[in-house]
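Me: Please take a close look at a single part of this structure, a residue in a loop, and then connect that part to what can be said about the rest.

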Amino acid sequence: MNSTPSHPHGMRTARCLSWGASIVASLFSSCVLASTSDLADLTDLALEDLLRVNVVSASRFSQSTTEAPATVTVIGEEELRQREYRNLAAALVTVPGVYSSNDRNYTSLGVRGFNRPGDYGSRILLLTDGARRNDPVYDQALFGNEAPIEVDWVKRLEFVSGPASAVYGSNALFGTVNAVMLSGGDINGSRVTLDGGEHNSKRLGLVAGQKLDGDKEWFLGFAAYKADGGNLYFPEFDDGITDGHARGLDGENYQKVYAKFSWGNWRLTGNFSSRKKDVPTAWYGSSFGEKGTWTRDESRLIELRYDGDVARGWQPSFRVFSGNYRFDGNYQFAPPPNTKDRAAADWVGSELHLAYTDIPQHKLMFGVDTQWNTRVEQRYFEVEPRTVILDTNNPSRVVSLFVQDEWRFHPDWLLNVGLRHDKNSDFAAVTSPRAALIWQPTQRLSLKAMAGSAYRVPNAYERFYNDGNVTQAANLNLQPEHIASTELAAAYRFGQSGRIGISLYKNQMRDLIDQTTGSSGIFSYTNQNRAHARGIEIDAENQWSGGYRLRGSVAVQQSKREDGTMLVNSPRRMGKLVFGMPIAIGWTASGELLGVSSRRGDNGSVPGYGIVNLSFSSAPVARLGQLALQISNLGDRHYSDPTTSYMIQRAVEQDGRQIHLRWTLAL
Amino acid sequence: MVARSTCAGPWLFEVIAEMRLPQSLLKIGAARALALFTLVAPTQAYSQAQAPEPDLKAAIISNMLLFVEWPARNSSPAEQLTICYQGNSPVATALIRLNGKTIKGKSLKVVQINSANAAECQALYLSPGNSAGLDSTLALIGPSSVLIAADSPEYFQRGTMLNLELVSGRIVFDIDLRSAHKAGLQVSSKALRLARQVIE
C-alpha cells in the first residue's frame, strides 16, 4: 500500500568559494558587486565632490547577478523581513516561472512548466549557505513547512533558473535555490516571535546572534510550530460509506534549530528539523476520515567549512559534512493490518575548491566533491502482526570533479564555461557542460546567451521502493534523466535599483523519469521518451526612496511530450506582482498577487486561479515590539492543485482565507 | 552629476502597461493594482548624490592620479595613466569598468598584474583578502614608484600609501607620505588637505 513520497536529496554538493555565501557569487565565481549608477559620471567629479557623495549599499542587482551564467532572482532581506513569508515555498512562488503544488502533506515546486507527479522537489537543488540539502533517499528538496530552515533565518533567497549540473551535479535540473543564512553580525542581539492564527496555529520563533571581537560570530535560530488544521471535504469520498469530510486530520507540528559559529576563516554549522503532518487525503489507499495516517520528516546536517585567504593567486576552500535523514510514515487501513514506512539515510562528504585569479582577465575554479551515502534504507512493513514487505539498503557514493573559467576577454564581454564530471557508484559517469556568453554593451544593459545540460540519477525511492506490488513496483533498470537547455536573456537596469528583464528558454528532456501506471493499476517509475518546454519570462522591479517597492513578472510556456500531449501540472501562464509600501504611522503594507492558469492532472484538470496575500506590519517600538497582521488568500478564493496516482481525488483544495497575527520583540 | 533625480517609476509602469498581460493576471486585477501604484509611487527618487561604495572608491583612486607626481623614470607613456590591480573585489571590478576612460585628457588603462611587473603602473590597487602575501607584494613593488592603494585599514598600517574607508556613509582617505616619498612620489597639497589623516 503506500509508499511514501518523500524526498530526495542527493549527493554532492558543490559550492563555492569563499566570496560570500551568495550562490551567484560563490558558485559562479563572479564575486564582484557592481553598481547601478553611472561610474563614468563619478570620474568626472572633483575629488572634494567625490568625498561628499553618499554611499548606497550595493544594489540587489549586484554585478554578480548580471554576470552570472544564468537568470537569477533575488529576494532581498528587506522584503523577507517585511513580508514574513510563512515558508520557503511561499517566498519562491513569487519568482518568475515558479509555482507550487500542495497535496496537504508536502509542497512541491514546479519550474518552467515541469512539476512531475510523484516528484517532491528532486529536480530542484536546495542549498543553505551553499550546502546541499536534498536527501539521498527521495532526493527531496523540502520547501513548505517541512523545509529544514525557516524564512526567519534567511538573509537573502536566490533562485537560479535553469540547469546547473555543471556546477552542482545531480538534481540541479530546473533550478537551484540558495538560502543565504543570517550571520550573528546581522542580528547583534535577539528577537522573539509569537505567531498565532487560523485552526489554532501557534508558532514560537527565536533568532539570536552576535559578532564578537577576534573575528568570531555566532548565530542561533529556533522555531516550534503547531496547528490543529481545519476540516476538509473531498467529494470523492462522499460515497455513502463516509460523508466526505476529513475532520481534524490536517494537524501539523515542527521543531527546527539552526546554529552557526564562525571564527576567522572557519565556520561550523548545525541544523536539525523535524516535521510531523497528519495526512487527511487517504493517500495510497489508506482509510478515509480516520486518524492514524501521518508522516514525519527529520533532517540533520553538520558542516565544517574553511574559506582560505588568497595566496599567490590561489584561494582554497573546503568543507566536510555529515547528514542524516529519517522518514517515518504511518498508514491506517480498514481492514487492518496497518502499515509503516521507515526510510533512513546517513551520508558524509567533503568538497575542496580552489580559485585561481592570477591569470589576467580569468577567474578559474577547480573542485573535487565527494559524498558517501553510507546508509540508504527503505523499509515497509505491516504491524500486528509484523510482516516485513520491503527491507532494502542501497548505499552509494559519488565523486565529482569540476572546472570553471570566467574569461573577461574584453571589458564588455564575459565568457563563462564550466564542466563537471560526476561518477555515481551505481551509474555510468556523467559529464555536464555549461557555457554562457555575457555582453554588457552599456553599464545598464546586459545580454546573455546560455546553453547547458544537466542530469539527475534516479533516487533510491524511484529505483527500489515497492509495497509488495500492491500500489507500487520497483524498477531496477531505471537510468538517469537528462536535460539540455538553451536560454537568451536581456536585462536593463535603471535608477539605483530598477531592473527589467526578459528571458526566452528551451528545455529538452530525455529519459524523463516519470510515474507510470501499468495495466494492473500498479505504478512504477520509468524512463519516458523526450519532453520539451519553451517559454518566455518577463520581469520588472524597482525600489523607490521612502520604502516603496514593486516586483512583477509574467511567464508563458508550453511543455509537451514527444507524442504532442501536454504535460500534467504545467500551467501555460503565470503572473506575479509583489509590493511593499509604507501606509501611515509607521505601518507598512506588503503582499503579492499570484495568478496561475489551469493545469492538467493525472486524475483531472484544475482551473486557473488568482489569489492575493497581504501583510500589515507596525514599526518596531522599543520594549513593545512589532505587530504584523497576515492575510493569505484575501479573497477567500477556492482553488486546487492537481493530484497524482497515489490519490483518488481529482484535486486537492487549498486553504481559503487565513489570518495570522505575529508579534516580534527585539531584545 | 551622479545625483540624477531618476524618475524611473512612471517609466517602469509604462513598460508594464504596454506588456500584454495574460488573462489570468488581468483576472486578478493586476492591472488595477498597477494603475493604483502609478498614482502613489513617488516620482522623485533621490535628492542627494549617491553611489555604490566600490564605484566611489574606484573613482577616488583614479581621481587621485591627478594629484600625484611620479619620478621621470616611470615607464608609462605620458598620455596614458595606468591603474593596476591585484585580486578580485568589487573595487577591482569597478576599476576594470574605467578602462579606456579619459581623465583630464589622459586615457586610463586598467590591468591586472602579478606583483613582479608593477613598473608600468602609476597606481596599484590591492584587493582585500591577501593579508598573508601583503609583505612580499609590498617588498617586490617597493622600488617601482607606484601609488599603492587599498581599502583595508590593516594594509595601511603595513605600508600601503592610500587608504580608503567608509565612514558615516561617505568615503574618506588617508595618505602615508613616508612610504609615498620612499617610492619617489610627490602628493599635491590639495589632496593632503582633503585627507582625513596624513602620516608624515
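**A proline in its loop, and the chains around it**

Reply: In this predicted model, Pro441(A) sits in the loop that runs between β23 (430-439) and β24 (445-456) of chain A. Pro441(A) counts as exposed, because 10 C-beta neighbours lie inside 10 Å, and a residue is called exposed if that count is 12 or fewer. Trp413(A) is 28 residues away from Pro441(A) in sequence, and the C-alpha atoms of the two are 8.2 Å apart in space.

Along the principal axes, the C-alpha trace of chain A spans about 85 × 60 × 50 Å. While Pro441(A) counts as exposed, 55% of the 667 residues of chain A count as buried. Among the contacts of chain A with a separation of 6 or more, 66% are between residues 24 or more positions apart.

Elsewhere in chain A, five strands form an open sheet with mixed pairing, in the order β2-β7-β8-β5-β6. The edges of this sheet are β2 (71-75) and β6 (131-132) of chain A, and each has a single partner strand, so one side of each is left without a neighbour in the sheet. Within the sheet, β5 (residues 124-128) and β8 (residues 175-181) of chain A pair in the parallel sense over five bridges. Thr128(A) has Ala179(A), in β8(A), as its bridge partner. In general, strands of a sheet pair through backbone hydrogen bonds, either parallel or antiparallel.

Chain B has nine helices and 11 strands, and 41% of its 200 residues count as buried. Of the contacts in chain B between residues at least 6 apart in sequence, 63% join residues at least 24 apart. The confidence of the prediction needs attention in this chain: chain B averages a pLDDT of 73, with 70% of the residues scoring at least 70. Over residues 1-48 of chain B the pLDDT stays under 50, and for that stretch the model has 93 contacts beyond four places in sequence. For the model, the scores are ipTM 0.72 and pTM 0.75.

How values were computed:
Residues are numbered from 1 along each chain as its sequence is written. Chains are lettered from A and ligands numbered from 1 in the order in which they are written. This is a predicted model: local features need pLDDT of at least 70, side-chain atom pairs count only at pLDDT 80 or more; totals for chains, interfaces and linings use all residues. Helices (H or I, at least four residues) and strands (E, at least two) are DSSP runs, numbered from the N terminus. A residue is buried if 20 or more other C-beta atoms lie within 10 Å of its own, exposed if 12 or fewer, and partly exposed in between; C-beta atoms are placed from the backbone. Two residues are in contact if their C-beta atoms, placed from the backbone, lie within 7 Å. pLDDT is the predictor's confidence in each residue, from 0 to 100. Two strands pair if DSSP finds at least two bridges between them.
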